[in-house]
Amino acid sequence: MLDELLAAWINRQRWFGGKGRPIDDLSIDSDVELTPGLRHLIVAVWQEGSRDRYQILLGERDELPDRLTHALIGTVGDSYLYDAVHDSERTSWLLDGMAHDETRSGLRMRHVDGVTIDTTPRSLVLGAEQSNTSLVFGDSYICKLFRRLIPGVNPELEIVTALAARDAPHIAQPYGWIEADLDGVNTTLAITQEFLSPANDGWDLALASVRDLYASMPELPAGDAGGDFAAEALRLGSATARVHHELAAAFPTGVVEIHEIKRMAEGFRRRLGRAVSEVPELREHVSAIEEAYHQVELLTNEVPVQRVHGDYHLGQVMRTPTDWIILDFEGEPGQPLAERRALYSPLRDVAGMLRSFDYAARHLLAGHPQADELETRAQEWADRNRAAFLDGYTQGGGVITPADAALLRAFELSKAVYEVVYEARNRPSWIPIPLAAFRPRAA
């Protein structure tokens with residue numbers, strides 16, 4: 001009965017990765033009672049011959065208050081079953097368990113050495129996430145529950161605890177985590193970090209700057225318009241370089257040899273070929289993209305590689321009253337764990353942020369009646385902030401040699417190719433945003 005209720009309910013959740021496909025089977029792999037009326041479930045979902053596993057906090061009440069009706073899963077007998085992440089009266093177990101290093105039926109709750117966790121704040125679910133669920137406890141903590149479980153230690157836990165042990169700046173302090181064995185492998189279920197309550201999202205700040213520019217007089221340079229973002233882009237570049245330095249010190253590093261660089265360029269080309277077959281608008285830009293990839297093949301020096309962020313953009317950074325903080329080191333959630341933990345050139349992160357500046361500049365032009373007239377202003381804003389970010393990156397100790405510039409350009413264009421395909425599948429009116437990446441840039 002419970003598995004049938006869960007199968008009907010889980011397909012409607014935004015964090016469920018198999019939406020739109022029928023569920024062939026759902027089974028409960030683990031069922032641990034945490035407190036009376038609260039259970040921790042790990043469920044296996046079978047679709048088209050493949051299995052994914054998810055974690056659910058299952059609440060049970062004889063009566064369901066109005067504040068929880070949106071979380072209802074179903075009823076069994078006289079009991080209401082619901083998604084208990086929304087029940088602040090029950091979620092205190094998260095902080096309690098981590099604060100006291102509790103273990104229950106294989107579910108291990110741990111805190112970071114040397115920290116103290118206040119167990120009194122009540123929780124509130126953040127509503128914007130697509131693949132995880134985060135609970136904010138007062139003004140102190142944010143606990144991210146990884147809904148879809150992949151066996152292994154999550155890169156975010158691995159990275160932030162290692163950087164915190166080095167007293168590295170520009171990260172949110174980790175406080176604790178929850179883990180269990182999945183397929184015999186220690187697997188991260190949740191991580192709790194410092195909640196940056198007096199902070200602003202980098203994407204929101206950038207868009208506010210773009211709005212100010214578009215609302216200003218057409219002849220007013222971007223640097224003179226209200227809300228100029230360049231100083232923040234400079235600081236963000238410096239923070240990025242510092243975090244890359246700390247990552248190189250905390251984890252093993254390596255090099256990509258010449259023959260491997262050529263294979264990297266071949267990989268770029270294969271992805272381009274697949275993209276062109278799907279999105280014909282790319283075809284006219286192929287020669288320019290191919291030339292950028294060819295420049296990578298001409299490199300004669302090994303490329304240093306290290307642990308990186310892996311999914312770096314303006315939505316992954318927060319501006320506190322004192323500095324930039326970098327979040328979400330788990331990499332691209334849809335990629336295999338081994339790939340997210342692999343070593344890459346830090347220029348991959350730099351390219352991701354440069355693409356994010358382009359998106360911020362043109363995001364507001366999609367469907368805008370004056371899009372053509374504002375395109376020049378968008379390019380001016382993007383160029384100004386890209387340059388400031390790169391200046392900050394080098395001032396902060398990051399290295400971009402002339403040879404690196406060729407690799408950086410290839411990373412950028414490869415990311416833009418991916419973006420074109422994504423927009424074609426999901427938001428066709430946005431295709432002009434990544435297509436602009438293939439136009440020649442001013443020197």
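1. At the N-terminal end of helix α4 (residues 202-215), a side-chain oxygen of D201 comes to within 2.9 Å of the backbone nitrogen of W203. Helices (H or I, at least four residues) and strands (E, at least two) are DSSP runs, numbered from the N terminus. This is a predicted model: local features need pLDDT of at least 70, side-chain atom pairs count only at pLDDT 80 or more, and totals for chains, interfaces and linings use all residues. Residues are numbered from 1 along each chain as its sequence is written, and side-chain values use heavy atoms, with hydrogens and water left out.

2. The 14 residues of α4 should span 20 Å at 1.5 Å a residue, and this agrees with its end C-alpha atoms, which are 20 Å apart. The expected span is 1.5 Å times one less than the number of residues.

3. G202, A206, L207, S209, V210, L213 and Y214 of α4 are buried (under 20% relative accessible area, with a 1.4 Å probe and protein chains only). They cover an arc of only 155° around the axis, so they lie on the same side of α4; the arc is that of the directions from the helix axis to the C-beta atoms. The buried residues of α4 pack against β14 (200-201), β17 (317-319), β18 (324-326), α9 (347-363) and α10 (371-395), where contact means heavy atoms within 4.5 Å.

4. An open sheet of 7 strands runs in the order β6-β7-β12-β13-β10-β9-β8, with antiparallel pairing. β6 (103-104) and β8 are at the edges with a single partner strand each, so one side of each has no neighbour in the sheet. Two strands pair if DSSP finds at least two bridges between them.

5. Within this sheet, β8 (residues 123-125) is joined to β9 by 3 bridges, and L124 stands opposite V136. On β9 and β10 (residues 141-146), 6 bridges are found in the antiparallel sense; C143 is the bridge partner of L135. The two strands form a hairpin with 3 residues between them, and G138 in the turn has a positive phi of about 55°. β10 also pairs with β13 (residues 185-194) over 5 bridges, with A190 as the partner of L145.

6. Strand β9 (residues 132-137) is largely enclosed by the rest of the structure, because 6 of its 6 residues are buried. In a regular strand, side chains alternate between the two faces of the sheet. Here N132, S134 and V136 point one way, and T133, L135 and F137 the other.

7. An unreviewed UniProt entry places "domain: Maltokinase N-terminal cap" at residues 9-87; such annotations may be inferred rather than shown by experiment. This span is 3% helix and 54% strand, with its end C-alpha atoms 17 Å apart.

Notes
Buried < 20%, exposed > 50% of the residue type's maximum accessible area, 1.4 Å probe, protein only. Polar contact = N/O pair within 3.5 Å; in protein donor to acceptor, adjacent residues only side chain to side chain.
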